[in-house]
Amino acid sequence: MGVDGKALVLGGGGVTGIAWEIGLLYGLAERGVDLTEAGLFVGTSAGSAVAAQVLSGVPLKDLFEAQLADPGGEIAARISVGGIAKFVVAGLWPGDPVRGRAWLGRQALRARTVPEAERRAVIARRIGDRDWPATRLLIPAVEAETGKVRVFDAASGVPLIDAVAASCAVPLTWPPVTIGGARYVDGGVRSVANADLAAGCRQVVVLAPVTQSARRSGRPAAQVAALGPGVRGAVASPDAAARAAIGRNVLDPARRRPAAEAGRAQAAAEAERLRAVWG
């Protein structure tokens, strides 16, 4: 069980984001900063896969080494320029942001992608078919038709693999995921990290492979600041070396190894800053 009052927020960022987060967590643990002792995990998109793996009980060293393996037959996907533009339009939607998310969700429902079952199998290979962990884990996803956010947890009655698949369902790239008759897209459509879900915790660390958001209020640093003056918080994002290692396509499995290694290396520069927050 984690330590109450501490939250680890893991943001979205594709397969390279998964690798960078695991590399950074492992590098920090090597330096005595164990962020996995958190009492609350918030996992969005790629971060939901990292949280599920970390909370499975598999040692960080093993998770890190798995990121170094040859990607084999894995195919690199890509978020198109048009897809990025639609993300921006949805994020800047005037008035109610829920309407913007619904507009993007409906676009995703009409998009031609791989079959849903095929994508679920990829997620199963990534995290295994595990039960929800004992440590509290929140995984947000967005209902495609309505734009409303649903936060899955152990009490939601939804298998962990389905919650992760939903939160990882990048609109226009991967298929929306069906849960209980509704279809869901990536939790990153609401926010790249959803750090506001850590409200109530006193120490909050966010690992954010992506920090930009169409609305300032959706950026991790702004969300941490909004948690209140009594909260000790910090956001870690890829440094220049990590950004170079990740490359331009966050969905390219060939960049997984360099991203993981860059995350581990970056821990040397982040350890003291994050130790001051984490205690």
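The structure is a predicted model, in which local features need pLDDT of at least 70 and side-chain atom pairs count only at pLDDT 80 or more, whereas totals for chains, interfaces and linings use all residues. Residues are numbered from 1 along each chain as its sequence is written, and side-chain values use heavy atoms, with hydrogens and water left out.

Along the principal axes, the C-alpha atoms fill a box of roughly 50 × 45 × 35 Å. The fold contains 10 helices and eight strands; these are DSSP runs numbered from the N terminus, helices being H or I of at least four residues and strands E of at least two. Of the contacts with a separation of 6 or more, 77% join residues 24 or more positions apart, a contact being heavy atoms within 4.5 Å.

**Buried interior**

Of the 279 residues, 50% count as buried, where buried means under 20% relative accessible area, exposed over 50% and partly exposed in between, with a 1.4 Å probe and protein chains only. In soluble globular proteins, nonpolar side chains tend to be buried together. The largest nonpolar core has 60 residues, and Leu8, Leu25, Leu35, Phe41, Phe152, Val164 and Leu207 have the most contacts inside it. Apart from this core lies another of 15 residues, including Ala195, Cys201, Ala208 and Leu227. A nonpolar core is a set of buried Ala, Val, Leu, Ile, Met, Phe, Trp, Tyr and Cys residues joined through side-chain atoms within 4.5 Å.

Val164 belongs to helix α7 (residues 160-167), in which eight of eight residues are buried. Beyond its neighbours within four places in sequence, Val164 is in contact with Ser48, Ala49, Ala52, Ile123, Ile127 and Ile139.

**Two loop residues**

Threonine 44 lies in the loop between β2 (38-43) and α2 and is buried, with a relative accessible area of 0%. Among the residues that threonine 44 touches, not counting those up to four places away in sequence, are Leu10, Pro140, Ser167, Gly188 and Val192. Arginine 112, in the loop between α5 and α6, is exposed, with a relative accessible area of 85%. Arginine 112 and proline 175 are 63 residues apart in sequence and 8.0 Å apart in space, C-alpha to C-alpha.

**Pockets**

A pocket is an open set of points on a 1 Å grid over the protein atoms alone where a 1.4 Å probe fits, with protein on both sides within 12 Å along at least five of seven lines; lining residues have an atom within 4 Å of a point. Grid points are joined across faces, edges and corners, and a volume is the space filled by probe spheres set on the points.

| Pocket | Volume | Lining by class |
|---|---|---|
| Largest pocket | about 1300 Å³ | 18 nonpolar, 18 polar, eight charged residues |
| Second largest pocket | about 730 Å³ | 16 nonpolar, seven polar, eight charged residues |

Here Ala, Val, Leu, Ile, Met, Phe, Trp, Tyr, Cys and Pro count as nonpolar, Asp, Glu, Lys and Arg as charged, and the others, Gly among them, as polar. Of the 44 residues lining the largest pocket, Phe87, Gly188, Val192, Val210 and Gln212 are the closest to its centre. Helix α4 gives the most to this lining, with five residues. For the second largest pocket, 31 residues form the lining, and Val15, Glu74, Val122, Arg126 and Arg256 are the closest to its centre.
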